[in-house]
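Trainee: I would like to learn how to read a structure that is new to me, one feature at a time. Could we take it slowly, with the general idea before the particular case?

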Amino acid sequence: MKKIILLLALLLPLGVFAQEIKIAVVDASAIFNLMPELDAAEKEMAAVEEKYTTEHKTMQDEFNLKYEDYMKVEATLTDNLKTRRQTELQDLQARIQNFLQLAQEDIPREQQRIYAPIQEKITTAIKAVGDEQGYTLIVSPQYMLYVGKTTIDATPFVKAKLGIK
């Protein structure tokens with residue numbers, strides 16, 4: 001009985017290797033650039049960036065105006081008023097720095113939110129093509145060090161699935 005179990009344990013992995021392994025590549029970045037939704041997403045992203053740029057400019061203009069006003073009257077101000085104005089300028093500068101830090105965090109998050117539906121659509125199409133064509137593995141050629149002649153390019157199948165020419 002032990003010999004039969006041992007024999008099965010040795011032969012079982014051979015059955016796994018006997019199955020055909022189909023590996024395909026998909027140029028997902030090329031497909032992403034061809035997606036019809038990309039123009040709208042890029043416009044939305046540009047609008048988000050423009051809002052942050054406009055707000056930063058408004059804050060910077062306010063700081064510059066207050067600083068110029070302060071410099072004009074600095075010599076005539078009492079120590080108390082100088083300190084108050086300097087504190088105002090420092091607070092405004094701190095708000096600008098805080099805004100820039102928040103913008104650096106928010107813009108990538110917004111970019112992810114805006115482009116995620118396109119990426120999800122591509123991923124769904126790749127999975128569907130993989131199931132339909134019976135691929136064992138689909139990889140992206142951007143990260144491959146070598147792609148042999150027998151590797152299947154599934155990019156046209158994914159494009160067709162998405163309705164892209």
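Trainee: How much of the protein chain is made up of buried residues?

Mentor: Keep in mind that this is a predicted model. Of the 165 residues in the protein chain, buried ones make up 22%.

Trainee: How is the packing of two helices described?

Mentor: Two packed helices are described by the angle between their axes together with the distance between those axes. Here H3 and H4 pack at an angle of about 175°, and their axes lie 10 Å apart. Because an angle over 145 degrees counts as roughly antiparallel, H3 is roughly antiparallel to H4. Sorted by class, the residues in the contact of H3 with H4 are 20 nonpolar, five polar and 14 charged.

Trainee: Which residues have the most contacts inside the largest nonpolar core?

Mentor: That core has 31 residues, and those with the most contacts inside it include Ile-31, Tyr-115 and Leu-162. At least two core residues come from each of helix H2 (28-34), helix H3 (38-73), helix H4 (79-133) and helix H5 (155-162), with H4 giving the most, twelve residues. To follow one member, look at Ile-31, which touches Val-26, Ile-122, Thr-155, Val-158, Lys-159, Leu-162 and Ile-164, if residues up to four places away in sequence are left out of the count.

Trainee: In what order do the strands of the sheet stand?

Mentor: The three strands form an open sheet in the order S2-S1-S3, with parallel pairing. Strand S2 (137-139) and strand S3 (152-153) are at the edges and have a single partner strand each, so one side of each has no neighbour in the sheet. Strand S1 (residues 23-25) is joined to S2 by three bridges, and Ala-24 stands opposite Ile-138 in S2.

Trainee: Is Val-147 buried, partly exposed or exposed?

Mentor: Val-147 lies in the loop between S2 and S3. Its relative accessibility is 37%, so Val-147 counts as partly exposed. Val-147 and Val-25 are 122 residues apart in sequence, yet 8.6 Å apart in space from C-alpha to C-alpha.

Note on methods: Residues are numbered from 1 along each chain as its sequence is written. This is a predicted model: local features need pLDDT of at least 70, side-chain atom pairs count only at pLDDT 80 or more; totals for chains, interfaces and linings use all residues. Side-chain values use heavy atoms; hydrogens and water are left out. A nonpolar core is a set of buried Ala, Val, Leu, Ile, Met, Phe, Trp, Tyr and Cys residues joined through side-chain atoms within 4.5 Å. Buried means under 20% relative accessible area, exposed over 50%, partly exposed in between (1.4 Å probe, protein chains only). Helices (H or I, at least four residues) and strands (E, at least two) are DSSP runs, numbered from the N terminus. Contact means heavy atoms within 4.5 Å. Axes are lines fitted to C-alpha atoms, for helices over the stretch in contact, and angles run from 0 to 180 degrees between N-to-C directions. Angles under 35 degrees count as roughly parallel, over 145 as roughly antiparallel, 65 to 115 as roughly perpendicular and the rest as oblique. Ala, Val, Leu, Ile, Met, Phe, Trp, Tyr, Cys and Pro count as nonpolar, Asp, Glu, Lys and Arg as charged, and the others, Gly among them, as polar. Two strands pair if DSSP finds at least two bridges between them.
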